[in-house]
Each structure stands twice: as structure tokens, then as C-alpha cells.
Amino acid sequence: TKKTKAIIPVHLYGQPVDMEPMLEIANRYGLIVIEDACQAHGAKYKNKRTGSMGHAAAFSFYPAKNLGCYGDGGAITTNDPKIYETLRRLRDYGAKDKYYHIQLGYNRRLDTLQASVLRVKLKYLDAWNQARRQHATLYAKLLTEIDIAPPDVPAYAEPVWHLYVIRLKNRDEIRTKLAEKGISTGIHYPVPIHLQQAYEKLGYKKGSFPTTEACAEQILSLPMYAELNDDMIKFVVASIKEML
């Protein structure tokens with residue numbers, strides 16, 4: 001609509017969004033594109049890195065991310081000089097030069113200690129992501145053998161598998177039994193946005209988005225990190241098979 005100012009494609013779970021249609025719509029209507037690349041460090045869309053295609057992109061360095069620091073942190077990437085200068089001011093109380101503030105801003109500078117950690121870990125990111133892709137390939141093979149659909153990977157995508165998420169009708173029961181075997185899992189995310197109390201003023205109710213709600217009741221994040229090995233993955237899938 002005429003109120004639309006920007007599009008925020010989310011590279012969820014480390015899977016790149018199909019960006020070309022997004023960018024075409026943005027160009028047609030003069031919209032800003034802000035990539036949410038917080039779970040997609042190093043992922044590629046048609047050989048382009050996530051975070052390099054929109055006007056700007058947000059990355060999270062929360063410790064659990066593919067590239068994580070030892071606390072909270074994040075970064076914004078952009079190729080636009082005006083956005084770059086504005087962001088430099090906003091992160092430092094709106095200062096253009098030290099002690100000279102030309103707008104209201106924030107204290108949002110990345111901690112030097114966290115930056116030091118990330119600088120070292122960045123060298124290993126591609127290797128860690130490749131290990132995750134190998135784990136995902138084995139997961140897909142084994143899950144298919146027990147008639148569980150693995151996550152789809154479009155031809156345009158080179159995901160980095162921040163999370164490996166499947167859907168199970170008896171999700172909660174299986175999750176409980178996996179925990180009894182010492183297998184940790186997660187639910188990302190249990191409550192859809194339209195059902196969050198913070199957004200109740202929008203007027204949506206249960207049933208407004210049935211597909212979203214069905215996913216929230218079925219999704220399960222299996223163990224996924226670079227240091228996994230084949231035996232661990234086989235144990236996870238074999239344990240799920242026992243409960244089907």
C-alpha cells in the first residue's frame with residue numbers, strides 16, 4: 001500500500017530468501033530492503049552472500065549463532081554511503097565528531113572484547129558452515145528413510161543450517177522422549193507473532209493464519225552444530241524412529 005516503506009526478508013534458520021522477486025518488487029515501488037541475516041552468516045543466494053543484496057542487513061552475534069561472540073553483539077552491513085554515515089552516528093549518541101552531536105542516537109558500539117573474539121572466529125566460519133551442510137545432508141538421507149520430510153533446499157540456495165528444523169505431528173511427545181535419552185531439542189518458535197500479546201492490538205486471533213499456527217505446533221529443531229559427528233546424528237534419527 002502507500003503506507004509501505006520497506007521490505008524485511010528474513011533468512012530464517014540460515015536458509016536464504018528468494019531475493020530476486022523481493023528486489024524486483026522493491027525497485028518497482030521504490031521501497032527499502034533490509035535483510036534479516038541474523039541466522040545466515042555466510043549463506044549464499046545464487047552465489048551472493050546474504051547481507052549483500054539489500055540496502056542494509058542486520059547480523060546477530062549472539063553466542064549460539066554460526067558466528068557468535070561471548071555475549072550480545074551485532075552488526076549492520078550496507079553499501080550505501082549515506083546509510084553508513086547515519087549508522088556511524090546513531091551508534092555513538094548521534095555524534096558526527098567527538099563531543100559534537102547532530103542528532104539523537106544510542107550507545108550501540110560493539111564491545112572491543114567481543115570484536116576480538118569475532119575476528120578470530122570469522123576465520124573458521126566457512127569451515128564450520130561446511131560441516132553443518134554435511135550434517136544436514138546426512139540428516140536428510142536418514143530422515144527420508146523413515147518417511148520424515150527434511151527441510152527443502154531450493155536450487156538457488158547455499159544454506160548454513162543455523163537450525164535444522166523438521167515437522168512432527170506428535171512433536172511434544174517425541175521431544176519429551178528424546179530428552180529422556182539425553183538428546184536436546186528446541187522449538188523455534190512456539191508462539192506465532194500474530195498471537196503474541198505485544199501484537200494483540202492488530203486484532204488477529206487463533207485461526208487467522210492456520211498454516212503458521214500448524215507449523216508452530218509441529219516444528220522441532222534437532223541438534224545442529226559444527227562439532228556433531230555421524231554417530232550422533234544416526235543416534236538422533238534412530239531415536240525418533242523408535243517413537244513413530
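On a 1 Å grid over the protein atoms alone, a pocket is an open set of points where a 1.4 Å probe fits, with protein on both sides within 12 Å along at least five of seven lines, and its lining residues have an atom within 4 Å of a point. Grid points are joined across faces, edges and corners, and a volume is the space filled by probe spheres set on the points. The structure described here is a predicted model, in which local features need pLDDT of at least 70 and side-chain atom pairs count only at pLDDT 80 or more, while totals for chains, interfaces and linings use all residues. Residues are numbered from 1 along each chain as its sequence is written, and side-chain values use heavy atoms, with hydrogens and water left out.

The second largest pocket holds about 530 Å³ of space. Its lining consists of 14 residues, and A75, I76, L87, R91 and R108 are those nearest its centre. By class, the lining of the second largest pocket has seven nonpolar, three polar and four charged residues, where Ala, Val, Leu, Ile, Met, Phe, Trp, Tyr, Cys and Pro count as nonpolar, Asp, Glu, Lys and Arg as charged, and the others, Gly among them, as polar.

R91 is placed in the loop between α2 and β7 (95–97). With a relative accessible area of 35%, R91 is partly exposed; buried means under 20% relative accessible area, exposed over 50%, and partly exposed in between (1.4 Å probe, protein chains only). Apart from neighbours within four places in sequence, R91 is in contact (heavy atoms within 4.5 Å) with Y106, N107, R108 and R109. R91 and A179 are 88 residues apart in sequence, and their C-alpha atoms are 42 Å apart in space.

The largest pocket has a volume of about 650 Å³. Of its 27 lining residues, L12, Y13, H188, C215 and I219 are the closest to its centre. At least two lining residues are supplied by each of β10 and α6 (210–218), and β10 provides the largest share, four residues. The lining of the largest pocket comprises 20 nonpolar, five polar and two charged residues. C215 has a relative accessibility of 23% and therefore counts as partly exposed. In α6, the buried residues are E213, A216 and Q218, and these pack against β10, α5 and β11.

The largest nonpolar core contains 23 residues, and Y139, L143, Y164, I166, L222 and I240 have the most contacts inside it. The elements α4 (125–145), β10 (164–167), α5 (171–180), β11 (219–222) and α7 (230–243) give two or more residues to this core. Such a core is a set of buried Ala, Val, Leu, Ile, Met, Phe, Trp, Tyr and Cys residues joined through side-chain atoms within 4.5 Å. Residues up to four places away in sequence being left out, Y164 touches A136, Y139, A140, L143, P150, P151, L220, S221, L222 and M224.

T185 is located in the loop between α5 and α6. This residue is buried because its relative accessible area is 16%. With residues up to four places away in sequence again excluded, T185 touches R175, L178, L220, S221, L222 and P223.

The protein chain as a whole has seven helices and 11 strands. Its C-alpha atoms fill a box of roughly 65 × 45 × 35 Å along the principal axes. Of its 244 residues, 38% count as buried. Among contacts in the chain with a separation of 6 or more, 60% are accounted for by residues 24 or more positions apart. N27, in helix α1 (residues 19–29), counts as exposed at 63% relative accessibility.

A search of the whole structure finds zero disulfides (pairs of cysteine sulfur atoms within 2.5 Å). C69 is in no disulfide, and the nearest cysteine sulfur, that of C38, is 12 Å away. C69 counts as buried, at 2% relative accessibility.
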